[in-house]
Amino acid sequence: MSRFTSGVTIVSGIEDGMPVGFSCQSFISLSIDPPFVAVAPARTSTSWPRIARAGTFCVNVLGDHQEDLCRGFAVSGGNKFVGVDWHPAPVTGAPVIEGCLAWVDCHMELVHDAGDHELIIGKVLDLGTNDGFPLIFYRSEFATLARHSGDGEPSTSTDRT
């Protein structure tokens, strides 16, 4: 499974007025109509149960400049938001991390047992985007997209000869 390239996110929420979050690479856009996304936190997560109690969460899609931030949110315990700039999402108040590539504010709709993880379906209430390039995860390492020197768009190749 390490050969599957994924984006990297921080799932955030509010518990007792305080921000809570964890790094998560298990995130997908599930449906456009109605708008749903899914995240899959590990059952061993100590942050997810704190977020889940609120019934709302925000998925922060990380940019390629946020690797250190991601690593900080991957550890268990402590206040991961110390020194992190964020603002409340317009609908739920869940933390939107400044500088993230995109954010998706959600209401928790369904929770499914998924072995050593839970599969959480969230109804999208609001979202936003910023400019930049994604932080990606491949073969158990962080990576970034190659960039063209002129147009600022990621390099891609469609030539199959």
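A nonpolar core is a set of buried Ala, Val, Leu, Ile, Met, Phe, Trp, Tyr and Cys residues joined through side-chain atoms within 4.5 Å. The model discussed here is a predicted one. In its largest nonpolar core there are 16 residues, and those that touch the most other members are Val-11, Val-39, Trp-48, Ile-51 and Phe-57. Several elements each supply at least two residues of this core: the strands S3, S5 (36-39), S6 (56-61), S9 (102-114) and S10 (117-129), together with helix H1 (48-52). Apart from this core lies another, made of 11 residues, among them Val-8, Ile-10, Leu-62 and Leu-69.

If neighbours within four places in sequence are left aside, Val-11 is in contact with Val-20, Gly-21, Phe-22, Cys-24, Val-39, Trp-48, Ile-51, Phe-57, Cys-58 and Val-59. Some of these names return when the aromatic rings are examined, for ring pairs link Phe-22, Trp-48 and Phe-57 into a cluster.

How many aromatic pairs are there? The count comes to 5. In one of them, the rings of Phe-73 and Phe-81 have centres 4.9 Å apart and planes at 90°; planes over 60 degrees apart count as edge-to-face, and therefore this pair is edge-to-face. Phe-137 and Phe-142 also form an edge-to-face pair, with 5.3 Å from centre to centre and 70° between the planes. As for accessibility, a residue under 20% counts as buried. Phe-73 has a relative accessibility of 2% and therefore counts as buried, and Phe-81, at 6%, is buried as well.

Phe-137 stands opposite Phe-142, which belongs to strand S12. Strand S11 (residues 136-138) and S12 pair in the antiparallel sense over 3 bridges. These strands belong to an open sheet of 3 strands, in the order S1-S11-S12, with antiparallel pairing. Strand S1 (6-7) and strand S12 (141-143) stand at the edges and have a single partner strand each, so one side of each is left without a neighbour in the sheet. In general terms, strands of a sheet pair through backbone hydrogen bonds, and the pairing may be parallel or antiparallel.

Further pairings involve strand S10. S9 and S10 run antiparallel and are joined by 12 bridges; here Trp-103 stands opposite Gly-128 of S10. The two strands form a hairpin with 2 residues between them, and Gly-115 in the turn has a positive phi of about 70°. S10 also runs antiparallel to S5, to which 4 bridges join it. Within S10, Ile-121 is the bridge partner of Ala-38.

Attention may now turn to helix H2 (residues 67-74), whose buried residues are Leu-69, Cys-70 and Phe-73. Why do they lie on the same side of H2? They cover an arc of only 100° around the axis, and this places them on the same side of the helix. On the other side of H2, Asp-68 and Ala-74 are exposed. The cover over the buried residues of H2 includes the strands S2 (9-15), S3, S8 and S12.

Ser-23 lies in strand S3 (residues 18-24). A polar atom of the side chain of Ser-23 lies 3.4 Å from the backbone nitrogen of Ala-74. Beyond four places in sequence, Ser-23 touches Thr-9, Ile-10, Cys-70, Phe-73 and Ala-74.

Thr-9 has its place in strand S2 and, at 2% relative accessibility, counts as buried. A polar atom of the Thr-9 side chain lies 2.6 Å from the backbone oxygen of Cys-24. Not counting residues up to four places away in sequence, Thr-9 touches Phe-22, Ser-23, Cys-24, Phe-27, Val-59, Asn-60, Val-61 and Leu-62.

Ile-97 belongs to strand S8 (residues 95-97). Is Ile-97 buried or exposed? At 2% relative accessibility, Ile-97 counts as buried. Among the residues Ile-97 touches, with those up to four places away in sequence not counted, are Ile-10, Leu-69, Phe-73 and Phe-81. Ile-97 and Ile-51 are 46 residues apart in sequence, and their C-alpha atoms are 16 Å apart in space.

Methods: Residues numbered from 1 in each chain as written. Predicted model: local features only at pLDDT ≥ 70, side-chain atom pairs only at ≥ 80, totals over all residues. Heavy atoms only, no water. Pairing = 2+ DSSP bridges. Phe/Tyr/Trp six-rings, centres within 6.5 Å; stacked < 30°, edge-to-face > 60°. Buried < 20%, exposed > 50% of the residue type's maximum accessible area, 1.4 Å probe, protein only. Polar contact = N/O pair within 3.5 Å; in protein donor to acceptor, adjacent residues only side chain to side chain. Contact = heavy atoms within 4.5 Å. Arc of directions from axis to C-beta.
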